[in-house]
Amino acid sequence: MKTIIYAHRGASKQAPENTLPAFELAYESGADGIETDIQLTKDGIPVLFHDENVRRTTNGTGFIQDYTFKELQRLDAGAWFSNNYINTSILSLEQFLSWISNKNLLLNLELKTNVIPYKHIEQIVYELLVKYDKLRHTVISSFNPNSLLKMHRMDPTLTTAFLTSNKKVDLINYTKQLGAKGIHIKNRLVNESLINKAKQENIYVATYTVNRPSQLMRCYKIRCHAIFTDLPYVAIETRELFEQNIIQ
Ligand code: G3P
Ligand code: MG
């Protein structure tokens, strides 16, 4: 099985993260899937945004949870990246699902509930996935184990993954206890032994964020289930080189 390539926040080195231009570039690059982050607005609308605060990637200030979706849409989420993206707006999850609905793309929705445990975000996201018939193409991940437990209880058939940037002593068992099917781990912590041990327990291992060809090659060699990259076209080119070398 080839390593799955997810565009991390879209093609986020080429266009402003978590915006339509970044997702379109990821799709055009041939990425297998898209990873995106979800926060909740004051009026309970899930939006695609990495930080809790809008300061870093928009022309606004303050927290997502203090804005209605309508107010958020007035912010510019592209100008910080480059003048080519002036007037790019923040997307709701629903707008994104509508865009992705006719595309053959996998989806990794990361619930950003580790800083602010947004009320009912799990239920709201789940219902949208049902509405757009995307449950079978989606992995829900989170650094917050409670979000994963809630999701798993809501629908034990849903694929969930535990996100971590630390190596817990008993990471594989911990992941299983959450009902999760995967571990999404920081790239410096991934190794072949973890991947093989996890595989024996029917747990897959994916890793973030992998941009350099040498790092990508290593992930392909140790048979990571998936990688998250800001540069999907580089990951695809490198994967093609890797596959050709194995066949020869
Ligand atoms: O889902 C992988 C990765 O996105 C987790 O970290 O901070 O980039 O959302 P972050
Ligand atoms: Mg993320």
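How many helices and strands does the secondary structure of the protein come to? The count is 9 helices and 9 strands. Keep in mind that this is a predicted model.

Let's start with the overall build. The radius of gyration of the protein is 18 Å, close to the 18 Å that the globule rule gives for 248 residues, so the protein is as compact as a globular protein of that length. If you draw a box around the C-alpha atoms along the principal axes, you get roughly 55 × 40 × 30 Å.

Now look at contacts between residues with a separation of 6 or more: 53% of them join residues 24 or more positions apart.

Next comes ligand 1. Around ligand 1 you'll find H8, R9, E35, D37, H50, E110, K112, F143, L163 and Y208.

| Side chain | Distance to an oxygen atom of ligand 1 |
|---|---|
| H8 (N or O atom) | 2.8 Å |
| E35 (polar atom) | 2.7 Å |
| D37 (N or O atom) | 3.2 Å |

How much of ligand 1 does the protein cover? On its own, ligand 1 has 290 Å² of accessible area, and the protein covers 90% of that.

Conventions: Residues numbered from 1 in each chain as written. Chains lettered and ligands numbered in written order. Predicted model: local features only at pLDDT ≥ 70, side-chain atom pairs only at ≥ 80, totals over all residues. Heavy atoms only, no water. Near = heavy atom within 4 Å. Polar contact = N/O pair within 3.5 Å; in protein donor to acceptor, adjacent residues only side chain to side chain. Areas by Shrake-Rupley, 256 points an atom, 1.4 Å probe, with all protein chains shown as cover. Helix = DSSP H or I, 4+ residues; strand = E, 2+ residues; numbered from the N terminus. Rg over C-alpha atoms; globule rule 2.2 N^0.38 Å. Contact = heavy atoms within 4.5 Å.
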